[in-house]
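User: I have a model open and would like to talk through how its parts pack together. Could you take me through it?

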Amino acid sequence: MSKTYIDDSTGTLRIAGTRISLDSIVYAFRDGQTLESIAQSFPMLELEQIYGGIAYYLAHKDAVDEYVRQGERAYEALLRSTHDDDPVFHERLAAARSQLLAS
């Protein structure tokens with residue numbers, strides 16, 4: 001009997017039975033974290049679910065890497081659009097951030 005570790009029924013790859021995206025696990029794995037340290041970062045997941053997620057990633061690496069890249073591009077486009085919608089706010093935010101870092 002096989003288990004399903006990934007749910008893609010909503011168009012978003014998630015660890016089955018949770019709202020945790022596969023992206024979150026993949027980023028940590030790519031960053032060199034052990035699966036046990038990933039489990040510490042996501043205490044609501046069983047170690048088995050993390051292994052299942054990474055096994056899915058490794059079995060579908062090209063497709064998941066492209067899925068992650070698409071998500072990154074969508075995020076960047078969203079950032080650009082919010083900046084374009086209110087550039088004055090973003091200038092003030094950048095100035096406040098600079099001031100905070102200078103102190």
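Analyst: What follows is a conversation about the helices, the core and a few single residues.

User: What kind of model is this, and how are the residues numbered?

Analyst: This is a predicted model, in which local features need pLDDT of at least 70 and side-chain atom pairs count only at pLDDT 80 or more, while totals for chains, interfaces and linings use all residues. Residues are numbered from 1 along each chain as its sequence is written, and side-chain values use heavy atoms, with hydrogens and water left out.

User: OK, which residues of α1 are buried?

Analyst: Leu 22, Asp 23, Ile 25, Val 26 and Ala 28 are buried in α1, where buried means under 20% relative accessible area, exposed means over 50%, and partly exposed is in between (1.4 Å probe, protein chains only). Helices (H or I, at least four residues) and strands (E, at least two) are DSSP runs, numbered from the N terminus.

User: And what do those buried residues pack against?

Analyst: The buried residues of α1 pack against β1 (6-7), β2 (14-15), α2 (35-41), α3 and α4 (61-85), and contact here means heavy atoms within 4.5 Å. Just after α1, Gly 32 has a positive phi of about 95 degrees.

User: How do α1 and α3 sit relative to each other?

Analyst: Two packed helices are described by the angle between their axes and the distance between the axes. For α1 and α3 the angle is about 80 degrees and the axes are 10 Å apart; the axes are lines fitted to C-alpha atoms, for helices over the stretch in contact, and angles run from 0 to 180 degrees between N-to-C directions. The two helices α1 and α3 are therefore roughly perpendicular to each other, given that angles under 35 degrees count as roughly parallel, over 145 as roughly antiparallel, 65 to 115 as roughly perpendicular and the rest as oblique.

User: Which residues meet there?

Analyst: On the α1 side they are Leu 22, Ile 25, Val 26, Phe 29 and Arg 30, and these meet Ile 50, Gly 53, Ile 54, Tyr 56, Tyr 57 and Leu 58 in α3. By class, the contact of α1 with α3 divides into 9 nonpolar, 1 polar and 1 charged, with Ala, Val, Leu, Ile, Met, Phe, Trp, Tyr, Cys and Pro counted as nonpolar, Asp, Glu, Lys and Arg as charged, and the others, Gly among them, as polar.

User: How many aromatic pairs are there?

Analyst: Rings of Phe, Tyr and Trp (its six-membered ring) pair if their centres lie within 6.5 Å, and planes under 30 degrees apart count as stacked, over 60 as edge-to-face and the rest as tilted. By this rule there is 1 aromatic pair. The ring centres of Phe 29 and Tyr 57 are 6.2 Å apart and the planes are at 80 degrees, so the pair is edge-to-face. This pair links distant parts of the chain, with Phe 29 in helix α1 (residues 22-30) and Tyr 57 in helix α3 (residues 47-59), 28 residues apart.

User: Are those two buried or exposed?

Analyst: Tyr 57 is buried, with a relative accessible area of 2%, whereas Phe 29 counts as partly exposed at 27% relative accessibility.

User: Switching to α4, at what angle does α1 cross it?

Analyst: The axes of α1 and α4 cross at roughly 105 degrees and come within 11 Å, and the helices α1 and α4 are therefore roughly perpendicular to each other. The residues making the contact are Leu 22, Asp 23, Val 26, Tyr 27 and Arg 30 of α1 with Val 64, Asp 65, Tyr 67, Val 68 and Glu 72 of α4. They divide into 6 nonpolar, no polar and 4 charged.

User: What does Tyr 27 touch?

Analyst: Leaving aside its neighbours within four places in sequence, Tyr 27 is in contact with Val 68 and Glu 72.

User: Last topic, which residues touch the most other members in the largest nonpolar core?

Analyst: In this core of 18 residues, they are Ile 15, Leu 22, Ile 25, Leu 45, Ile 50 and Val 64, a nonpolar core being a set of buried Ala, Val, Leu, Ile, Met, Phe, Trp, Tyr and Cys residues joined through side-chain atoms within 4.5 Å. At least two residues of this core come from each of α1, α2, α3 and α4, and α1 gives the most, with 4 residues.
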